[in-house]
Amino acid sequence: MKTARRNKIKKPVSQKAVFGIAFAIFCVYAAFILFFFLFAFLIAIKENNRAFLEDQIAARLFSFPAKPTLKHFAEAFSEWTVIDGETTYLTMFFNSVWISILGPLISAFTTASVTYVLVFYRTGYTKWLYKLGVFFAILPLYGASGAMYKLVTDIGIIDSPLMFLTNISLFGGNFFYFYAFYKAISWQYAEAAFIDGANHWQVYLKIMLPLLIPGATALYIMGVISTWNDYANIILYWQSYPTLAYGAYAYSEIAKYNANNPAYFAGVLISIVPILLLFAAFQNTIMEKVHIGGLKG
């Protein structure tokens, strides 16, 4: 038998040029991002804060220190104390974890549940809710932070885990994605389950929701990363639960007055490690397209 050889398809010159230009742009962008990581690392391994200030005066911050040291990475755990001087780096790390995980999870689950009802339980009321969701999506709601702050203060949920109640929303950021996903799923899955004796909750939790999870994972991971890096909402609503993002902001204000700058940059580098690991673990899920299947036959 002769082995069949695949003919190589030659790409047009214009396509090669476009890919080449795009590749060059992304290389420059990657180098731009890596520059700041290297810059922070070079400051973090300086001998002490005096060496940092001397290099700052001499305008040679981006230079390898004469006496590099890694001790500041250990010092960051004791230097990063905010608010009452007792909130440690590990405490802020723990707060970052549970706030970043639960907030986007509650938001995604409630939005997924609402869109499921809007798609498969069509009534005049659900049609009206969908139109309301479209209206809120296109309505610019700028300047609502003041009203939001007064509301959560008046009902007594500010600065407590009860703030997660604000993540429960009919129309979250993933509203249209979840709605489109459910529209592409055949109701025959549910009908087959009903024949086997399943109820509506079982159909949703055991059939429909698991179908959504693979595609929704990428959106959830991006929500976790966004929450991990958010310090503004922590300052406003979660002051008793400071996160690493808030700690970086608070310590940067202290660093202006000759604090331990190498320890500050060391702490910042440590704080981004979990996010880099998370992105590395789910990069294919985040970058690839979401494929939606259906019934065959």
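## Basis of the description

A residue is called buried when its relative accessible area is under 20%, exposed when over 50%, and partly exposed in between, with a 1.4 Å probe and protein chains only. The model described here is predicted, so local features need pLDDT of at least 70, side-chain atom pairs count only at pLDDT 80 or more, and totals for chains, interfaces and linings use all residues. Residues are numbered from 1 along each chain as its sequence is written, and side-chain values use heavy atoms, with hydrogens and water left out.

## Overall make-up

The chain has 12 helices and 0 strands, where helices (H or I, at least four residues) and strands (E, at least two) are DSSP runs numbered from the N terminus. Of its 297 residues, 33% count as buried. A contact means heavy atoms within 4.5 Å; among contacts between residues at least 6 apart in sequence, 73% join residues at least 24 apart. The chain exposes about 19,100 Å², and carbon and sulfur atoms supply 66% of this area, as computed by the Shrake-Rupley method with a 1.4 Å probe, where for residues only the protein chains shown count as cover.

## Aromatic rings around Tyr-116

Rings of Phe, Tyr and Trp (its six-membered ring) pair if their centres lie within 6.5 Å, and planes under 30 degrees apart count as stacked, over 60 as edge-to-face and the rest as tilted. By this rule the count comes to 31 aromatic pairs. One of them joins Tyr-116 and Tyr-182 edge-to-face, at 5.5 Å centre to centre and with 70 degrees between the planes. This pair links distant parts of the chain, with Tyr-116 in helix H4 (residues 89-120) and Tyr-182 in helix H7 (residues 175-183), 66 residues apart. Tyr-116 is buried at a relative accessible area of 3%, and Tyr-182 is buried at 0%.

Tyr-116 also pairs with Tyr-204: the ring centres are 4.7 Å apart and the planes stand at 35 degrees, so this pair is tilted. Because Tyr-116 lies in helix H4 and Tyr-204 in helix H9 (residues 200-228), the pair ties together parts that are 88 residues apart in sequence. Both Tyr-116 and Tyr-204 are buried, and the two belong to one aromatic cluster that also includes Phe-109, Phe-120 and Trp-187.

## Nonpolar cores

A nonpolar core is a set of buried Ala, Val, Leu, Ile, Met, Phe, Trp, Tyr and Cys residues joined through side-chain atoms within 4.5 Å. The largest has 24 residues, and those with the most contacts inside it are Ala-44, Phe-73, Trp-80 and Phe-265. Helix H12 (261-287) is among the helices that each supply at least two residues of this core, and H12 gives the most, with 5 residues. Leaving aside neighbours within four places in sequence, Phe-265 is in contact with Ala-40, Ile-43 and Ala-44. A second, separate core of 22 residues includes Phe-120, Tyr-179, Ala-193 and Val-203.

## Surface patch and a loop residue

A nonpolar surface patch of about 1,200 Å² is made by residues including Tyr-29, Phe-32, Phe-37, Phe-62 and Leu-276. Helix H1 (residues 13-44) gives the most to this patch, with 9 residues. Phe-37 has its place in helix H1 and is partly exposed, with a relative accessible area of 31%.

Asp-159 lies in the loop between helix H6 (145-154) and H7. The phi of Asp-159 is near 60 degrees, a positive value in a residue other than glycine, and at 29% relative accessibility Asp-159 counts as partly exposed.

Conventions. Patch = residues over 30% accessible without salt bridge, like charges linked within 9 Å, V, L, I, M, F, W, Y side chains within 5 Å. Salt bridge = Lys/Arg side-chain N within 4 Å of Asp/Glu carboxyl O.
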